[in-house]
Amino acid sequence: MFSFHSARHLMVTGLAALLWGAVAATAHAAEPPLTLKAAVQQGVARAPQLDARAADTAAAREESARAGQLPDPTLTFGLSNFPVTNPGAFSLRSDGMTARTVGVMQTIPSRAARDAERGLAAAQIDAAEADRTATMQTVQERIADAWIDVWAAQQKRTVLATLRSESVLAVQVTQARLRGGEGNATDALAARAEAASLDNRLEAIDADLVAAQAGLQRWLGPSVFDLAEAPDFGQLPVAADHLEERIDQQAPMQAWQAREQVAQAALERARAAKHPDWSVTASYGRRAPGLSDMVMLEVGVSLPLFTRNRQDRGISARQAQWDAVQADHEDARRAQREAVTRAVATWQGWNQQIQRYQDTLLPLDRDRATTALAGYRGGGTLQPWLDARRDEIELRLSYADALAARARLWASLAYLLPSEVTP
């Protein structure tokens, strides 16, 4: 049975829920709009890819700490001078030279081999750090692209939403003329269809906005973001000629420098194989009671005498690999220079086109649509307004696409020198 206490409990619970919702809404409203710079900083702090690359670098450092160390010694057990034929076969006491031995053997690689191993480990640290730098640039650009996707969808909605009131006005004018006996049903239906078509466009953009928000949430967490004003995508944070002059310092190219270092270190290790390695063995032999025990000390050295088909082949192979890395590095350098030059030229072209949109194309199409609607209200036909309207919608969408394309190119150029750029 429903009691007074139950009613009071429900009321208190409901009030608490309302208060919590109000507090959450107030907290959300108090959050400052999300700038592009803040989005990149927050996304980088949360990016698991960078954690993975940091772990790779830590692993390379751990490997470097043990590089060039002496290998572990080897403990040996055995029998020496053990008879296997008569007289006294298979007896530990029949021959005075028989001894049970225990010993330690230590291999000592050449100094050149150990230095080469240390050099290779250091090069692998540089390679891991270069990989992290390249990953950082990729993550920054992808976060910026996600922010720009949301911003671009909002721009599209803004440039089309301003036309909504004119669609409503056109519908009202056609209906008024129809009621006054001056218009016709075809014009009224056409105006309504045009308004419905614009609504469809706006709903599609709203869906794109939700999808773009999901892309940004992939980096920043499950929140709905109010974007701050966009930076000036018409100005690069680093001069274009500065980018083209510093190709090798750009994040995608640093991995190639590290690869060259690794290939050079591998070549030095192959060359070190021509230096002899040493070994030292010490053993203790226990003989039968009444006989003295014996100690043995041996020093061994490897003899790289037949290097033509062994060490020299390895050196030639590592030399060829180093040459290949150098050639690939030069090709990547040329490709990066081409990509930067193309991106800068395309970005500059978008600047000019966007300026033409703003100064000429958009005002002309707006005047055309306004004049056509005024002419219809003055007794003219509706078709000129319908044509102008459709052209203006397409032009505004093209303008929004141009803004997004320029912004994405800006992002691709802005983070090429991540240590210096702070958009």
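Colleague: Which residue is the bridge partner of Thr281 in β4?

Modeller: Two strands are said to pair if DSSP finds at least two bridges between them, and strands (E, at least two residues) and helices (H or I, at least four residues) are DSSP runs numbered from the N terminus. In this predicted model, where local features need pLDDT of at least 70, side-chain atom pairs count only at pLDDT 80 or more, and totals for chains, interfaces and linings use all residues, the partner of Thr281 in β4 is Glu298. Residues are numbered from 1 along each chain as its sequence is written, and side-chain values use heavy atoms, with hydrogens and water left out.

Colleague: How many bridges join β3 and β4?

Modeller: Strand β3 (residues 278-287) pairs with β4 over eight bridges, in the antiparallel sense. Both belong to an open sheet of four strands in the order β1-β2-β3-β4, with antiparallel pairing. Because β1 (74-80) and β4 (294-301) each have a single partner strand, they stand at the edges, and one side of each is left without a neighbour in the sheet.

Colleague: Which residues of helix α2 are buried?

Modeller: Buried means under 20% relative accessible area, exposed over 50%, and partly exposed in between (1.4 Å probe, protein chains only). In α2 (residues 36-46), the buried residues are Leu36, Ala39, Val40, Gly43 and Val44. They cover an arc of only 125 degrees around the axis, taken from the directions from the helix axis to the C-beta atoms, which puts them on the same side of α2. The face turned away from that buried side carries the exposed residues Gln41 and Ala45.
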